[in-house]
Amino acid sequence: MLTVVVIILGISFILYTLLGGADFGAGIVEIFAGKSEATISKAMAPVWEANHVWLILAVVILFAAFPPVYASLSWVLHIPLMMVLLGIIMRGTAFTFRHYDVHQGRSHKYYNFLFHLSSFITPFFLGMILGSMILGRITFDSTQGFYQMFMAPWLNLFCFTMGAFTTCLFSYLASVFLVGETSVDEERVKYGTFAKRSMIMTMILGLLVFIVAEAEGHHLTRTFLNSVPSIILLITAFLFCPVIWYFLNKEKNKTVYLRIGAGIQVTAILVGWFYIQYPVVIEVKDGDELTFYNTQAPPATLQQLIIALTVGLFLVVPGFVFLFKVFKIKST
Amino acid sequence: MDDLIAARLQMAVSLGFHIVFACIGMTMPVLMAFSEWRWLRTGRQVYLDITKAWSKGAAIFFAVGAVSGTVLSFELGLLWPEFMKQAGAIIGMPFSWEGTAFFIEAIALGVFLYGWNRLNKWVHWLSGVLVSVSGILSGIFVVSANAWMNSPAGFDWVNGKAVNIDPVRAMFNDAWRAQAIHMTLAAFISTSFAVAGVHAWLLLRHRGRLFHQQAVKTALIFGSVAALLQPISGDFSAKDVAKRQPLKLAAMEALYKTSKPAELVIGGLPNDDEQRVNYAIHIPKGLSFLAKGDWNAEVEGLDKASPQDRPPVLVTHISFQLMVMIGFFLAFVALLYLVFSAGWRRVLMKRWWLRIVAFTTPLGFIAVEAGWTLTETGRQPWIIYGIMRTKDAVSSMPGLRYSFLVVTFVYMLLSIIIVWLMRRQINTIDEFYPTAKTS
């Protein structure tokens, strides 16, 4: 039963990264790739709220099935989580305001500024939070003082690198997706170029994550090299790079391959990471750890949760297919 | 500022903000689907225009509701980690169903808002119906979780830990039915009267325009039915509270001493030191009858509990009075509306009537805020009634007041922008919809 819950949690996490991540990334692409508001608005408007719900689902699963994980994360990571929340509020509202405010003018400057800022902040702090969960500096010992308890676990070079990596990965996803959203050749080339650059940047930052982890005393490389499936998954993600590069250089109509390719890459990275971590969710200072096993809710709760989620997925998945069919396939 | 107070205020601001958007999210889809259905049946352009104009406004509220709801799902842990550690496994069930319902709502909403030219008309309408149903359901699931805090069920409390958890019993606790009905009706009343009020106000500026007349009519049909049902649901709720949370009822009614029979106190200013209510209207035996259905029944007062177990009286009593007052006023307006539309249709065009409807614009939402304030403060000092105190649930992170200040600032700013943006949208209705200009 626990396995089912963990799998659904994993799926919602992956889907949030792919869909929600691309939405946040689109804001970052907009900063660097210049004026492309129309394309991004058209691509995001019908789907971003539905994409965003994958995060809510993951949170709900976390607090219903693994209450201690949810409670302790939100206790010690209060500050970065607040930043993520502010980012989520700002992004959603600024995007909607600029989409629905019929007057063009000064107000749009502010909307754009907030939209760009929050599209950057949110993935960055999400990445920091993920980093702090594995780094092992989280402590529940109240005698440690404010800095050691509420700042040190996430305010360090490793979490910073994780934040940068996540942000870059999201903008890579977004630019690959956006290539297929526009019919203007000039814009397509612009997104293509951005996709290539962010791909290289993501690889560099990915390498940096390993190096900085060693520097901070967290032996990520050793754990990684001991896990054959993770090595295979990372190589898979890596091997897709030239394939995507090739399709980015080609003329039109290859958007489906591009999207599937980038989707596989990101999924491979996430699954590889789960594989190393499982069943640990939070590494605690002094070798302690919170795992899926030692934090799980009683069987009665897990059972009800699975029923709700199964019914939910049966309704939601066809809904999602329909939504994307209406807005993503017909439009290209 | 004390961190506990800061955390409570932050929760109050976040929920007080979100509840407005949640009410709109539950009601607007129903109004829009109804209006679109009338267009499909009659083919009259005005109904289509109303639906489209509403959907542009509603889209903003939906988006803000979605993100402010997300904030709440995190704040439960950010502010009350000790509560969530125990309650997560117990009330996870309504939240997981809520997640499902909200998911469907978000998908159907995307289809409804952006699928006008891409879908068959009836398929489009169906997506609106789906948004309505899932919106109402997700509201009910969330209320069920709140009802559990008032009426904890489905677990045994052993040495400060919940054991023998039964999530189904927790979800269908004793309070969920009364609360779900009351909240759903409140959502319909507040939103419908606000919509009707705005269009009535526009009618006062542009006399006789069909677009606004039809909009007022559609909104008032739903608002009136709900407003007339609400007093019945309110009575049901009060009797329910009298049974399960006598102290909350005592605070609502400012009943300091257990009395038999107990008098009904209307209005007034409770004075805790003197244990009495000043400037109030007193109706002998009134409370006994309303709470217990018997003119001579005993009603428990605040003196039944030791001082540290009593809820604050002033805030609870005043919020309750405000909610009831507005509730009855809106029920009266609803009654007038039904009478006028049955026999005196000409009255519905009169300026004085439109002024009354315009006046009701904010009232429903004020009542919603008041009602929510009373149910939360009336439960104090408990976060889980009789089980866990609010002060034992709060996060131990120092400096919670800064979170509170940031959240308050952001929500205040957002409120200002939204009001300003809605005014902009309303002022441009004429430009986009030809029927809004014709009489």
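Visitor: Hi! What kind of model is this, and how are things numbered?
Guide: This is a predicted model, in which local features need pLDDT of at least 70, side-chain atom pairs count only at pLDDT 80 or more, and totals for chains, interfaces and linings use all residues. Residues are numbered from 1 along each chain as its sequence is written, while chains are lettered from A and ligands numbered from 1 in the order in which they are written.

Visitor: Let's start with chain A. How many helices and strands does it have?
Guide: Chain A has 13 helices and 2 strands. Those are DSSP runs numbered from the N terminus, with helices being H or I over at least four residues and strands being E over at least two.

Visitor: And how compact is chain A?
Guide: Its radius of gyration is 20 Å, close to the 20 Å that the globule rule gives for 332 residues, so chain A is as compact as a globular protein of that length. The radius is taken over C-alpha atoms, and the rule is 2.2 Å times the number of residues to the power 0.38. Along the principal axes, the C-alpha atoms of chain A fill a box of roughly 55 × 40 × 40 Å.

Visitor: What share of chain A is buried?
Guide: In chain A, 52% of the 332 residues count as buried. A residue is buried if 20 or more other C-beta atoms lie within 10 Å of its own, exposed if 12 or fewer, and partly exposed in between, with C-beta atoms placed from the backbone.

Visitor: Can you show me an exposed one?
Guide: Take A:Val256, which lies in helix H12 (residues 255-277) of chain A. With 12 C-beta neighbours inside 10 Å, A:Val256 counts as exposed.

Visitor: Now the other chain. What is chain B made of?
Guide: Chain B comes to 15 helices and 8 strands. Its radius of gyration is 23 Å, close to the 22 Å from the globule rule for 439 residues, so chain B is as compact as a globular protein of that length. The C-alpha trace of chain B spans about 65 × 45 × 40 Å along its principal axes, and buried residues make up 54% of its 439 residues.

Visitor: How many residues does each chain bring to the contact between them?
Guide: Chain A gives 57 residues and chain B gives 52 residues. Two residues are in contact if their C-beta atoms, placed from the backbone, lie within 7 Å.

Visitor: Which helix of chain A supplies the largest share?
Guide: That is H13(A), with 15 residues of the side that touches chain B. By class, this side of chain A has 42 nonpolar, 12 polar and 3 charged residues. Here Ala, Val, Leu, Ile, Met, Phe, Trp, Tyr, Cys and Pro count as nonpolar, Asp, Glu, Lys and Arg as charged, and the others, Gly among them, as polar.

Visitor: Back inside chain B, how do H1(B) and H14(B) cross?
Guide: The axes of helix H1 (residues 3-42) and helix H14 (residues 400-427) of chain B come within 8 Å and cross at roughly 20°. Axes are lines fitted to C-alpha atoms, for helices over the stretch in contact, and angles run from 0 to 180 degrees between N-to-C directions. H1(B) and H14(B) are therefore roughly parallel to each other; that label is for angles under 35 degrees, with over 145 being roughly antiparallel, 65 to 115 roughly perpendicular and the rest oblique.

Visitor: Which residues meet there?
Guide: Among them are B:Leu9, B:Val13 and B:Phe17 in H1(B), and B:Phe404, B:Val407 and B:Tyr411 in H14(B). The residues of this contact divide into 9 nonpolar, 4 polar and 2 charged.

Visitor: Where are the cis peptide bonds you can show me in chain B?
Guide: One runs from B:Lys260 to B:Pro261, with omega near -5°, and B:Pro261 lies in the loop between helix H8 (246-253) and strand S3 (264-266). Another runs from B:Gln380 to B:Pro381, with omega near 5°. B:Pro381 is in the loop between helix H12 (363-377) and strand S7 (382-384).

Visitor: Last one: what is phi of B:Asn159?
Guide: It is near 50°, a positive value in a residue other than glycine. Most residues other than glycine have a negative phi, and most peptide bonds are trans. B:Asn159 lies in the loop between strand S1 (156-158) and strand S2 (161-163) of chain B, and B:Asn159 is exposed, with 5 other C-beta atoms within 10 Å.
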